[in-house]
Amino acid sequence: MSNIVIVFDFDKTIIDCDSDNWVVDEFGFTDLFNQLLPTMPWNSLMDRMMMELHSHGITIQEIENVLHRIPIHPRIIPAIKSAYALGCDLRIVSDANKFFIETIVKHLGISECFTEINTNPGYVNQQGRLTISPYHDSNKASHGCPLCPPNMCKGLIIDRIQDTVSEVDTKRFIYLGDGAGDYCPSLRLRERDFVMPRKNFPVWDLICKDPSLVKAEMNGWRDGDEFEQVLMKLINRIMIEENAKFISSDCKLQSLSLPVLESLPKPLSVRP
């Protein structure tokens, strides 16, 4: 296991669209969604849309089939699998919902790559319809963050991950995201960490307004090709830096036996 923790947003980061909009549009409920959008919070609206799908006889299996067709760049899955194979601790922090995300990552064959999925609860109730609720229960107590929507503060989730990972002082974080909700967690990263905002998306624009507010090093990306290239570059860089620290901590390089040297993690070649 390496000392690298990689946190991914999901919509428009791992997949190439918004999963909520994808399901609504694929079943032809876009007009109703747009009509109701100004009248209720997003999570409540999505729960209402799932009720509408159920009342029109649309089954959970049909929803899963639509999710299986969701667009994703062909280099995203190889990048995730490579990071996992190198021992990185991969996690998802998303404002989508658990049912959508778990259905998609299972279909893509990458469920085992992620230590945890932090998102809005989504489950099938006894009547056989999908219900969606907020991650933070705004009816009980607000999370108090002015940067984030009422249902989820991703910054608080990053704080919890940082507090719970073992040997946190030696961990290096990489955070990937696209939306305005990814700005708050970017502010929680430290100088030795890295943030990968998607270029020309809301989080990129927010960071660029005052880059000095973000302590982590910024490395942007545009599409799945750059997603893979930048992520692999950062993983290689961290591994090389950590290997150098390990070697320099010994007063003489010759004191390291060959088996010890061979046991050090090998950087991964970046696909041209």
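Me: What should I know about the model and its numbering before reading features?

Reply: The model is predicted, so local features need pLDDT of at least 70 and side-chain atom pairs count only at pLDDT 80 or more, while totals for chains, interfaces and linings use all residues. Residues are numbered from 1 along each chain as its sequence is written, and side-chain values use heavy atoms, with hydrogens and water left out.

Me: What counts as a salt bridge, and how many salt bridges does the whole structure hold?

Reply: The criterion is a side-chain nitrogen of Lys or Arg within 4 Å of a carboxyl oxygen of Asp or Glu. A search of the whole structure gives 18 salt bridges. One of them pairs Asp9 with Lys154, with 3.0 Å between the closest N and O atoms. This pair links distant parts of the chain: Asp9 sits in the loop between β1 (4–8) and α1 (19–26), and Lys154 in helix α7 (residues 154–164), 145 residues apart. Helices (H or I, at least four residues) and strands (E, at least two) are DSSP runs, numbered from the N terminus.

Me: Are Asp9 and Lys154 buried or exposed?

Reply: Buried means under 20% relative accessible area, exposed over 50%, and partly exposed in between (1.4 Å probe, protein chains only). Both Asp9 and Lys154 are buried. Another salt bridge joins the side chains of Asp89 and Arg91 at 2.9 Å, N to O. Asp89 counts as buried because its relative accessibility is 13%, and Arg91 counts as buried at 8%.

Me: Where do Arg237 and Glu241 lie?

Reply: Both are in helix α10 (residues 224–248), four residues apart, which is about one turn of the helix. Arg237 is partly exposed at 32% relative accessible area, and Glu241 is partly exposed at 29%. Through salt bridges with shared partners, Arg172, Glu217, Arg237, Glu241 and Glu242 form one network.

Me: What describes two packed helices?

Reply: The angle between their axes and the distance between the axes. Axes are lines fitted to C-alpha atoms, for helices over the stretch in contact, and angles run from 0 to 180 degrees between N-to-C directions. Helix α4 (residues 60–68) and helix α6 (residues 98–108) pack at about 60 degrees, their axes 9 Å apart. The two are therefore oblique to each other; angles under 35 degrees count as roughly parallel, over 145 as roughly antiparallel, 65 to 115 as roughly perpendicular, and the rest as oblique.

Me: Which residues of α4 and α6 meet?

Reply: Ile60, Ile63, Glu64, Leu67 and His68 of α4 meet Phe99, Phe100, Thr103, Ile104 and His107 of α6, where contact means heavy atoms within 4.5 Å.

Me: How do α1 and α3 cross?

Reply: The axes of α1 and helix α3 (residues 42–55) come within 11 Å and cross at roughly 30 degrees. That makes α1 roughly parallel to α3. On the α1 side the contact is made by Asp20, Asn21, Val23 and Val24, and on the α3 side by Trp42, Met46, Met49, Met50 and Leu53.

Me: Which residues other than glycine have a positive phi?

Reply: Most residues other than glycine have a negative phi. Among the exceptions here are Lys12, with a phi of about 60 degrees, and Asn200, with a phi near 65 degrees. Lys12 is in the loop between β1 and α1 and is partly exposed at 33% relative accessibility. Asn200 is in the loop between β7 (194–197) and α9 (202–209) and counts as exposed at 61%.
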